[in-house]
Each structure stands twice: as structure tokens, then as C-alpha cells.
Amino acid sequence: MTAELSAAQASGASRLPGWFVILWRNRKCRIGLILLAAFTLVAVLAPWLSPYAPRDDSYAASATPSAAHWLGTTARGEDVFSQLLYGARTSLIVGLAAGTLSTVVGLVIGLTAGYLRGVVDEVLSFFINLALVVPVLPLMVTLAAYSPVKGLWLIIMVISVTGWAYGARIKRSQIITLRTRDYVTAAKFAGDSTARIIAREILPNMTSLVVVGFMGACLGAIGGEAGLAFLGLGDPATTSWGTMLNQANSGGAMLTGQWAWLVAPGVAFAGLMIALTLINFGVDALSNPHLRED
């Protein structure tokens, strides 16, 4: 019976993609995937899960947690729990969009500089180094504060513009080592074009590095949005965890005993960051067989 059960489990696992099996077998990554799935479900189902509209201010102001309002209300009479659920949507959108843009920009620049070398590498490396030495936080604050256009996509663009350089430097270093491998040299002698060599020979060997860079970019984007919103530079029309922290701070949440208004978005933000960090352990196992768990 045990042998049959093991065979059934092996058969079920064989139908799953190999990369997912490796991720799921890693205990830390498994916890991270479950947490991320929970946050994603909350973000998608927020309109159905939230008991009230996040901007509905028709309730008693500065109310403490109760059966009607699980986490109390804000200084303007808005339900904190409903805002917390909708805030997950904003954080995931910013993390996915800004993380993708930063990864794509860093990948294109890093691959171009590392593969072509020469003058192209010198020029692109100059811009990479320039972007690395410029203080990121003051630049983000300046761009967000003085831009004539406001909104969530402005925050995404600001984070993307300031977050691509580190990934570009790492990918440039990796491609410099890969471009001299035998299979790349063989592809050159076979007459393959530069684009084909990069797409077919080099990029598949950088998959784990690209994924790790994307996860790091998502972490930075989520943290950047929360930081800008906490400083009051986010989109005031968007409900996010950073906006909640800003309003709780300015509304004197601790002085009025509304600890949940201040603590809840911070805990949710920390939980999402932990989920992405744990998934990174599984991504590392994709490229390093010694880190894989049976």
C-alpha cells in the first residue's frame, strides 16, 4: 500500500513542471509561496472580502476595534480593515510592475554591455556606475515631489528609473563569463546572429539570476512605494499600506489608542516582504543543486 501511495505521489509530481517541484520541496520557499498566494487572493478578492468601501467615511471617527470594525476606524471615519485588504492590491501591482520594468531595463543594458564590450561597454558602464553612486532615496523623493503628473504609475516609473542599475551590473558581470564558454564560441562559428546567441545560448543559463533579480526588484519596489507614501508623496487617491501608515502617523493613532491602525499595515507589509524573501531560497536551489531538498 505504501509503495502504491509513493508511486501515485511520484506520478502526480511528474506531471508538474520541474522548476515548481524544486521550489515546492524547499520548506522555506513553500511557506513563502503559500504566503504570497494568500496575499494575492486577498488582493484579487478585496472587493468581496472587505465589509466596507475603503473610502467610506460615514462611520464614527477614531473608533477602537469592535465587532463592526475589526481594526477600528481612521480619524476620518474610514474602516481600517477594508483599507488593509485594498492595500494588498496596490503593493502587489507596484511590486510586479516596477519589478518587471527594473528587471527588463537592467537585463537589456547589462546584456548589451557585457556581450558587445568595447566602446559600448564603456559608455553603458559609465551610466551604470553613475546610477549606482547617485543616492536613490533623495532622487526618488525629488522625482515624486516635483513631477507635474501624480498617480500610482508615477510611483512605478520613479521606482523603475532608480532601481535598474544594480541588476544591470550583476547581469553584465555574468554575461562576461558566459560569452567565452565553448557553446557560445561554437554558435559564433556556426554563423548564429548576436540576438540568437543571447536568446538561445546565454539567457537560459541566466534564468535563476534573472528571477532572483526580479524578486529583489519587487522587494525594493514594494518598500519604495511604502516609503514614498509614508512621506506623503504617494497617490492620495490610492489606498496603500504606506498611505495608511502616513495617515495613522499624522492622525495620532497611538495617542488615541488606535494601535491597530498603525500596526496592521506594518505587519502586512512585513509579511509580504518575508514571503518574497523565503521564495528566494527556492529560486537559489534552481541554480545550485546542493541547496535542493528531497
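What pattern does the protein chain follow when read along the sequence? In this predicted model, the order is α-α-α-α-α-α-α-α-α-α-α-α-α-α. The protein chain has 14 helices and zero strands. Its C-alpha atoms fill a box of roughly 75 × 65 × 25 Å along the principal axes. The chain holds 294 residues, and 39% of them count as buried.

An unreviewed UniProt entry gives the annotation "domain: ABC transmembrane type-1" for residues 88–280. Over residues 88–280, the chain is 80% helix and 0% strand. The end C-alpha atoms of that span lie 20 Å apart. The unreviewed entry also carries the annotation "transmembrane region". This annotation covers residues 31–49, 92–116, 123–146, 152–170, 209–233 and 259–283. Residues 31–49 are 95% helix and 0% strand in the model, with end C-alpha atoms 23 Å apart. Residues 92–116 are 100% helix and 0% strand, and here the end C-alpha atoms are 35 Å apart.

Pockets were examined next. The largest pocket holds about 430 Å³ of space. Its lining counts 25 residues. Gly163, Tyr166, Gly167, Gly216 and Ala217 lie nearest the centre of this pocket. Two or more lining residues come from each of α5 (80–116), α6 (118–133), α7 (136–146), α8 (152–162), α9 (165–178) and α12 (207–230). Helix α12 supplies the largest share, eight residues. By class, the lining of the largest pocket has 14 nonpolar residues, 10 polar residues and one charged residue.

The second largest pocket holds about 200 Å³ of space. Its lining consists of Leu36, Thr40, Leu92, Gly95, Leu96, Phe214, Met215, Cys218, Ile222, Leu272 and Leu276. Helices α3 (27–44), α5, α12 and α14 (259–287) each give two or more residues to this lining. The most, four residues, come from α12. Nine residues in the lining of the second largest pocket are nonpolar, two are polar and none is charged.

The structure holds four aromatic pairs. One of them joins Phe126 and Phe127 in an edge-to-face arrangement. Their ring centres are 5.5 Å apart, with 75 degrees between the planes. The pair counts as edge-to-face because that angle is over 60 degrees. Phe127 has 46% relative accessibility and so counts as partly exposed. Charged side chains also lie over aromatic rings. Lys28 sits over the face of Phe281, at 4.3 Å from the ring centre. Arg179 lies over the face of Tyr115, at 5.7 Å from the ring centre.

One further residue was considered on its own. Is Val133 buried or exposed? Val133 belongs to helix α6. Its relative accessible area is 62%, so Val133 counts as exposed; the cut-off for exposed is over 50%. Val133 and Ala165 are separated by 32 residues in sequence. In space, their C-alpha atoms are 9.8 Å apart.

Note on methods
Residues are numbered from 1 along each chain as its sequence is written. This is a predicted model: local features need pLDDT of at least 70, side-chain atom pairs count only at pLDDT 80 or more; totals for chains, interfaces and linings use all residues. Side-chain values use heavy atoms; hydrogens and water are left out. On a 1 Å grid over the protein atoms alone, a cavity is a set of points where a 1.4 Å probe fits but cannot get out, and a pocket is an open set with protein on both sides within 12 Å along at least five of seven lines; lining residues have an atom within 4 Å of a point. Grid points are joined across faces, edges and corners, and a volume is the space filled by probe spheres set on the points. Ala, Val, Leu, Ile, Met, Phe, Trp, Tyr, Cys and Pro count as nonpolar, Asp, Glu, Lys and Arg as charged, and the others, Gly among them, as polar. Rings of Phe, Tyr and Trp (its six-membered ring) pair if their centres lie within 6.5 Å; planes under 30 degrees apart count as stacked, over 60 as edge-to-face and the rest as tilted. Buried means under 20% relative accessible area, exposed over 50%, partly exposed in between (1.4 Å probe, protein chains only). A charge sits over a ring if NZ of Lys or CZ of Arg is within 6 Å of the ring centre and within 35 degrees of the ring normal. UniProt positions are given in the numbering used here, feature names are shortened, and annotations may be inferred rather than shown by experiment.
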